[in-house]
Amino acid sequence: MNNEQEKLNTTPEETAQLEAEFAARRKVRVRRTRIIRAVVISVLSAVLVAMVYLAVHYRDRLTPESLRQYVNVSSGNSLNTLGGAADVVGGNSSVYAAFENGLAVATTTSVRYATPDGRGGFSHAAVITKPSLRVSGEYLLAYDRGGSALMLFDKNGLISSGEAVGNVISASVSEDGIVSVISEAEGYISCLTVYSEKFQLVYRWYNSEYYCIASAYHDDSQKVGVSVVMEREGSLGGRFLIFDVTAEGIAHSVELGHAVPTDVYVSDLGFTVATRTGADFIDVNGSLCVSRDFAEPLQGICPDGQGGMFFLLAPFSPDEKYSLIHADSQGVLSGTVTLNEDILSIHASFGRLAILTGRDAVIYNTALDVERIISTEPDIINIAVIRRGTAVLFSEDGLTLN
């Protein structure tokens with residue numbers, strides 16, 4: 001029997017008593033939600049403080065591998081299976097990326113690409129322990145994170161391959177096919193290497209001072225940006241270094257304060273640096289143009305493929321579960337959307353963001369307008385968005401396009 005039925009069958013005095021009980025129960029639920037959230041935040045804060053203390057206290061023991069694990073932000077790209085035009089490829093280590101007119105996937109045994117109609121694509125056998133993918137323009141870079149393998153593809157298949165000087169920490173590719181790699185190097189903390197499309201050496205910098213995290217090459221300026229983590233005032237902080245590949249040494253150094261950087265992307269302005277708490281927008285001459293540091297916990301971050309970023313925040317409010325924010329390549333915010341549903345997966349590319357909730361899939365543009373709402377089945381476990389806003393819905397049996 002629901003509440004309305006109870007009210008119809010009771011006296012006014014009993015109705016008033018029931019309404020008072022319902023109001024009290026609501027207050028208890030709200031209070032319980034606030035207490036639980038406060039406890040969770042306190043525990044997470046204590047864990048973060050402990051991690052920072054240990055990192056600083058034992059900073060002499062930090063290695064590129066341990067630091068890589070500390071600053072790595074999950075992109076949500078793990079999936080169980082990928083099927084459809086690319087056939088079925090399995091493994092929990094599989095990663096995917098929107099590429100050209102379709103979807104690319106890398107596993108421990110292959111790199112594949114397929115278009116929605118199944119007419120285009122390739123399959124390339126490879127041995128990769130921890131597969132990773134980066135896309136820019138018409139180029140797809142596959143690399144072994146923690147290994148040395150580097151492979152560059154276009155929509156027709158493999159263009160060239162190479163090996164890093166040591167185990168790869170991170171790598172990226174520019175729209176002109178220039179590959180930038182951060183790797184370990186014997187006798188040094190890390191090494192920056194820039195390769196041509198054919199993996200010919202363009203630039204190399206051995207580093208004994210910083211823990212380098214990620215890099216990106218800016219084609220127009222012939223400059224490469226590198227995010228680094230360092231100890232500062234008893235805690236970890238960030239710095240952004242810019243190198244001119246036509247000259248030796250650091251061209252520009254930008255302080256990021258206590259923001260810990262996680263990745264770097266190229267934009268028309270220069271570079272977009274993703275951090276643990278937001279993003280910094282820096283031009284090619286080393287000027288910090290805009291810094292977005294959110295006071296609320298950052299739950300997810302996705303590059304929009306155009307130099308901007310989508311941010312998913314968890315507000316300190318029992319009435320809101322998430323806030324969605326977009327910043328363009330200049331760091332300008334387009335607005336905020338409140339989401340009161342569970343978020344299972346997010347993915348962005350080509351200026352669109354796909355969010356998989358417990359009920360459906362929603363496609364947003366960079367203005368945070370809803371372009372489409374797609375009803376989903378309960379077995380959908382992951383989502384991707386490819387060119388023209390086509391949604392790829394993953395289940396354990398394969399994929400569907402919508």
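Start by selecting Phe-243 in this predicted model: at a relative accessibility of 0%, the residue counts as buried.

Show both side chains and look at the rings. The ring centres of Trp-205 and Phe-243 lie 4.6 Å apart with the planes at 50°. Planes under 30 degrees apart would count as stacked and those over 60 as edge-to-face, so this pair is tilted. Now colour by strand: Trp-205 belongs to E13 (residues 201–207) and Phe-243 to E16 (residues 235–244). The two residues are 38 apart in the chain, and their pair links distant parts of it.

Stay on E13 and select strand E12 (residues 188–195). The two strands run antiparallel and are joined by six bridges. Pick Leu-192 and follow its bridge into E13: the partner there is Trp-205.

Widen the view to the sheet. Four strands form an open sheet in the order E10-E11-E12-E13, paired antiparallel. E10 (168–173) and E13 are the edge strands; each has a single partner strand, so one side of each has no neighbour in the sheet. Looking along the sheet, the twist from one strand to the next averages 15°.

Last, go back to the rings. The structure contains 10 aromatic pairs. Select Phe-99, Tyr-113, Phe-122 and Phe-153, which ring pairs link into a cluster.

Terms used:
Residues are numbered from 1 along each chain as its sequence is written. This is a predicted model: local features need pLDDT of at least 70, side-chain atom pairs count only at pLDDT 80 or more; totals for chains, interfaces and linings use all residues. Side-chain values use heavy atoms; hydrogens and water are left out. Rings of Phe, Tyr and Trp (its six-membered ring) pair if their centres lie within 6.5 Å; planes under 30 degrees apart count as stacked, over 60 as edge-to-face and the rest as tilted. Buried means under 20% relative accessible area, exposed over 50%, partly exposed in between (1.4 Å probe, protein chains only). Two strands pair if DSSP finds at least two bridges between them. Axes are lines fitted to C-alpha atoms, for helices over the stretch in contact, and angles run from 0 to 180 degrees between N-to-C directions.
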